[in-house]
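Me: Can you walk me through this one? I'd like helix packing and the contacts between parts.

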Amino acid sequence: MKALLMKDFYTLWRQLRVYLLVMLVISVFNGSFGNIFITIWAALLPYTAMAYDERSKWDQMAAMMPYSTRDIVVSKYVMGWLCTAAAALFAMVLQLLQTVLGSPLAAFAPVDNLMGCCASLCVLAITLPLMFRFGVEKGRLMMFLIIFLVCGSAGALSSIAISVDHTAGGLSGPFAALMAVLPIAAAALTAVSVPLSMKFYARRQA
Amino acid sequence: MNAIQLSHINKSFGDFAIRDLCLEVPSGTICGLVGENGAGKSTTIRLLMGALRPDSGSARVLGTDVSSPEFRAVKEDIGVVLDEAYFPESLNAVQVGRIMAGTYRRWDQGRYDGYLKRFDLPLKKQFKDFSRGMRMKLAIAVALSHQPKLLVLDEATAGLDPIVRDEVLDLFNEFTREEDHSILISSHILSDLEKLCDYIAFLHKGDLLFCEEKDRLLEEYGIFEDSRENLDCLMPEAVVAREETRYGGVRALVRRDLAPAGFRMEKPSVEDIILFLVKGAKNR
């Protein structure tokens, strides 16, 4: 699996440089929404890797090599998780820096980032099986669903986050409920999503 | 032991089917897989690598059933070159080497670097900027650098210039000097196969018409080139296929065992035999 992750990283490297720049701008100027948005957007990076794979017909080559279906499928999830974690960390460090520097745009709220990570895992878990089923080319319509999920969840999370005073004693209301539900939803969806993706991928290859 | 053993494989795709394919490639030999476009060569290769599931029948490679979980480990011993080198376009040769080092346990980086040098491949150029010949050379370098026991080559020499092709064929010959090393190679360049192979397998529209030792095949048939009257003296079963020549005569592939002793024939090439067999199959 390490080799597959390395391949995706090399493939995405050019794309990642642009993404980092966009992340920087969005995170600095869009406060809470920007933080969450870039974290969830990071979940889209595996699709770029999949599109490159599809264009080069890498799957045909991979089928001849000692990779298991599990390696190939899980590597895309792991890539999504790594990108999400890196984006969340990057956003947190940026916001911390802005807070330290006294910027009026600072929105340092690690809990928001964690919620963004969970939403990102949910987006991955919902959309990856569909990509493995239809492929990236045919699954273009799916992109509308993905964009809707990304923007919708980022918007919803940020508006809830903004309405909550994190400094008050204890969390309550919709954000507290989300804090409890989102991680569980992310774990449950992922647990269903991975085997489903493996099944779809194996069926497409056969 | 057989390096490859396909037993009664059937696979249907609707308008095309592989029918009752039985193919054995003994260990230590080179088998050439011949056939027209769409005859089923690439499908056969995908079936024997477990990348396609047959509707019925079984495939064993290096003694292991390809549908078993153990076959994944056996793939370490198989170097594959497909009709195109399907590496992601943004990679370069150095990155491909690093990825393969993480893929194959017995990856030999020194050997890979040696092939890159020998084939004069650029290290940092993106794969998308490679010519077809360069792409195939990179795929061959990868296939040979993880110490395989079996090479499966699908049109691996297509797109190479004659000098490099000759060098690559020498490499394949070198590879089979180890007695447990085997090759299955499909190619349209029949002269390459004649130079390289011990066995020739001929696929026609999904049917394996024969898989025979090359020398026996060359002994089995003769090329007759003379007047139509002389050819018509033979019993019809002896003539596999015929064609008119520009000078009013005929040229035909004739089965030596059905021709009378002393009947004048020339030694055929593998290309002659295959072309006449295809023609004969079409006329049937």
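Reply: What follows covers a helix pair, the chain contact and the domains of a predicted model.

Me: How do α3(A) and α6(A) cross, and at what angle?

Reply: The axes of α3 (residues 45-56) and α6 (residues 110-138) of chain A come within 9 Å and cross at roughly 65 degrees. Angles of 65 to 115 degrees count as roughly perpendicular, so α3(A) and α6(A) are roughly perpendicular to each other.

Me: Left-handed or right-handed crossing?

Reply: The crossing of α3(A) and α6(A) is right-handed.

Me: Which residues meet there?

Reply: From α3(A), Y47(A), M50(A), A51(A) and E54(A) meet M131(A), G135(A), V136(A) and E137(A) of α6(A). By class, that contact has five nonpolar, one polar and two charged residues.

Me: OK, chains now. How many residues of chain B are in contact with chain A?

Reply: 21 residues of chain B, in contact with 21 residues of chain A. On the chain B side, α2 (71-74) and α3 (93-103) are the elements that give two or more residues. The largest share, five residues, comes from α3(B).

Me: And what classes are on that side of chain B?

Reply: Eleven nonpolar, four polar and six charged.

Me: Where are the domains of chain B?

Reply: Domain 1 is 2-205 and domain 2 is 217-283. Their C-alpha centres lie 34 Å apart.

Me: What touches what between those two domains?

Reply: Nine residues of domain 1 are in contact with eight residues of domain 2. On the domain 1 side, α7 (190-196) and β9 (199-204) of chain B each supply at least two residues. α7(B) gives the most, with four residues.

Notes: Residues are numbered from 1 along each chain as its sequence is written. Chains are lettered from A and ligands numbered from 1 in the order in which they are written. This is a predicted model: local features need pLDDT of at least 70, side-chain atom pairs count only at pLDDT 80 or more; totals for chains, interfaces and linings use all residues. Axes are lines fitted to C-alpha atoms, for helices over the stretch in contact, and angles run from 0 to 180 degrees between N-to-C directions. Angles under 35 degrees count as roughly parallel, over 145 as roughly antiparallel, 65 to 115 as roughly perpendicular and the rest as oblique. A crossing is left-handed if the near helix is turned anticlockwise from the far one by less than a right angle, and right-handed if clockwise. Two residues are in contact if their C-beta atoms, placed from the backbone, lie within 7 Å. Ala, Val, Leu, Ile, Met, Phe, Trp, Tyr, Cys and Pro count as nonpolar, Asp, Glu, Lys and Arg as charged, and the others, Gly among them, as polar. Domain bounds come from an automatic or database domain assignment.
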